Amino acid sequence: MNYSVLKGAAYVLLQAPDMVIHNGTTQTTERTLHPDSEYLKAVPKHLRSFEDCVNYLPNQIYIGNEVPEKLREVPEPWHEHLLEGADRHGKKGEILPQSELIGMMKVADVFELVFLTKEFTEQVKKEFEEHPLIKEDLIKRLGEGTELAEIEGLINDHGAEAIMNDDKVVGCVKRAHDVDQNLSAHVMFENLVVKASGIFAALNCIEKNHIDPESIEYVIECSEEACGDMNQRGGGNFAKSIAELTGLVNASGSDVRGFCAAPTHSLISASSLVQAGTFKNVMVVAGGSSAKLGMNGRDHVKKEMPIIEDCVAGFAFVVSQNDGEHPIIRTDIVGRHTVGTGSSPQAVITSLVTNPLTKAGLKIIDVDKYSVEMQNPDITRPAGAGDVPEANFKMIGALAVKNGEIERTALPDFIVEHGMKGWAPTQGHIPSGAPYLGFVIDDIKSGAVKRAMIVGKGSLFLGRMTNLFDGVSIVIEKNPGKVSEEGAASEETIKKYVANAMRDFAKSFTEEN
């Protein structure tokens, strides 16, 4: 079978400390319920500098300057052991300051909803002029800026959402409709953050992996937000709006929503579309969530640690036709959490890991690396959620013990050899399998890994439509070399068949006459 391949991936982090305070739902809810709370007073003291954000090891791994194995060499908590002199530009992406996120929100705005002050506009223009991926056509979209008095009037009198930077008003987002709550200033702010971070992710994916933007024929956007109006709340389309501003002129696209599992759903969809011949190159992209900034901030403040959920995250990856080189995506080894699976941890892992592998004649230990909910334990442990990746790898290893593949005493070694420490932000869809996609290409090409499984798990009950859990998985393997479609003959073979048939026909015709 001529499988599609994983061509490349990229990752971005956009630090947004002011958005932690003013846009993260934990903080905005607290402000509504307890505006004078001690927690809100403490938050600003627990925000990191941009330098500390860049020097934070998990962030350096996210953008590809360090490898996941490095996490086992540095004591936890990692925020107490910062690197020195780390680079904001990574091999697989970049870390951006809040000013550039705000600037890209203005660039992404096509309905004149974002207004930035003249002074801040000039600042961002200079930053963008020095940015290797921001071209002149995007910089022009910043315009000349607006007077601060006009922006304050929109905020105070017309329900606009303030944009803060360094604790100062530098702009606002207007509502897009007078009465439609789905087009309120608050929702438009969140959606523009998704689009802006998605644009940065797409631009990095194109640049870091030498992708011709005109070769992308379809885009799938798989974040957790939804855009639409009162008649279709989640109608979309983030995918096409991101493609529009990243030079993907030959692309169409659509949004896939599945909470945390959406990236793996999208990986399966993209690889199936390419394998079927519908499209040659598909990009999957996801912007990040401003609502989830500081989501566990209350627990971080209690533990006297920095609020490290201070970054909007994004990623993008490209799936292409088999080139005989990049890792293949095994669309015939797919795990599914079905309606009848059940929601116990064992049932979930069995459906996503054991069942598809057994069907393919493989054992759990035949997969060299699993990527499941790669959440950073620096974030989750203080909040009482423990080490989420390790819990998943323990369950997978326990099933290997149950199946007689390893001894119980070998379980700790299994977790180290087949699992990884988590390094991704806790923005739902961001840690769900996708963070390893950039590394799996390198690991498989180098021979360090032969086979990996990407697992996405989701909480459908968050939408209050069902109590069901969700999840899908898929295997990625070393490319054995480009092959022809099963049962299909090459053009050379067909020509030979035709020539032989014509020769036989001519011979029989001559003999008969």
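**Entry 1: H16 and H17**

I began with the crossing of two helices, and H16 passes H17 in a right-handed crossing. I note here that the model is a predicted one.

I then looked up the geometry of this pair. H16 covers residues 388-402 and H17 covers residues 411-418. Their axes come within 9 Å and cross at roughly 120 degrees. Angles from 65 to 115 degrees count as roughly perpendicular, so at its angle H16 is oblique to H17.

Which residues in H16 meet H17? I listed Glu-390, Phe-393, Lys-394, Ile-396, Gly-397 and Ala-398 in H16. On the side of H17, I found Leu-411, Phe-414 and Ile-415. I sorted the residues of this contact into six nonpolar, one polar and two charged.

**Entry 2: Ile-364**

Is Ile-364 buried or exposed? Its relative accessible area is 2%. The cut-off for buried is under 20%, so Ile-364 is buried.

I looked up its contacts, leaving aside neighbours within four places in sequence. Val-353, Thr-354, Leu-357 and Tyr-370 are among them. The list also includes Ile-396, Leu-399, Ala-400, Asn-403, Glu-405 and Phe-414. Two of these names were already in my notes: Ile-396 from H16 and Phe-414 from H17.

I also checked Ile-364 against Val-401. They are 37 residues apart in sequence, and their C-alpha atoms are 9.7 Å apart in space.

**Entry 3: H6 and H10**

I turned to another helix pair. H6 runs over residues 98-108 and H10 over residues 185-208. I read an angle of about 100 degrees between them, with the axes 8 Å apart. H6 and H10 are therefore roughly perpendicular to each other.

From H6, the contact is made by Glu-100, Leu-101, Met-104, Met-105 and Ala-108. From H10, I wrote down Phe-189, Leu-192, Val-193, Lys-195, Ala-196, Ile-199 and Phe-200. Ten residues of this contact are nonpolar, none are polar and two are charged.

**Entry 4: H2**

I looked for the buried residues in H2 (residues 25-33) and noted Thr-26, Gln-27 and Glu-30. Why are they on the same side of H2? They cover an arc of only 95 degrees around the axis, and this puts them on one side of H2. I then looked up what they pack against, and found helix H1 (17-22), helix H3 (38-42) and helix H13 (297-302).

**Entry 5: Backbone in three loops**

I followed H13 onward to the loop between H13 and strand E9 (311-320), where Glu-304 is found. Glu-304 is not a glycine, yet it has a positive phi of about 55 degrees. Glu-304 is exposed, with a relative accessible area of 63%.

I looked up Arg-464 as well, in the loop between strand E12 (451-458) and strand E13 (470-477). Phi of Arg-464 is positive, near 60 degrees, and this residue is other than glycine. Arg-464 counts as exposed at 64% relative accessibility.

Last, I checked a peptide bond. Glu-76 and Pro-77 are joined by a cis peptide bond, with omega about -5 degrees. I placed Pro-77 in the loop between helix H5 (57-62) and strand E2 (93-96).

Methods:
Residues are numbered from 1 along each chain as its sequence is written. This is a predicted model: local features need pLDDT of at least 70, side-chain atom pairs count only at pLDDT 80 or more; totals for chains, interfaces and linings use all residues. Side-chain values use heavy atoms; hydrogens and water are left out. Axes are lines fitted to C-alpha atoms, for helices over the stretch in contact, and angles run from 0 to 180 degrees between N-to-C directions. Helices (H or I, at least four residues) and strands (E, at least two) are DSSP runs, numbered from the N terminus. Angles under 35 degrees count as roughly parallel, over 145 as roughly antiparallel, 65 to 115 as roughly perpendicular and the rest as oblique. Contact means heavy atoms within 4.5 Å. Ala, Val, Leu, Ile, Met, Phe, Trp, Tyr, Cys and Pro count as nonpolar, Asp, Glu, Lys and Arg as charged, and the others, Gly among them, as polar. A crossing is left-handed if the near helix is turned anticlockwise from the far one by less than a right angle, and right-handed if clockwise. Buried means under 20% relative accessible area, exposed over 50%, partly exposed in between (1.4 Å probe, protein chains only). The arc is that of the directions from the helix axis to the C-beta atoms.
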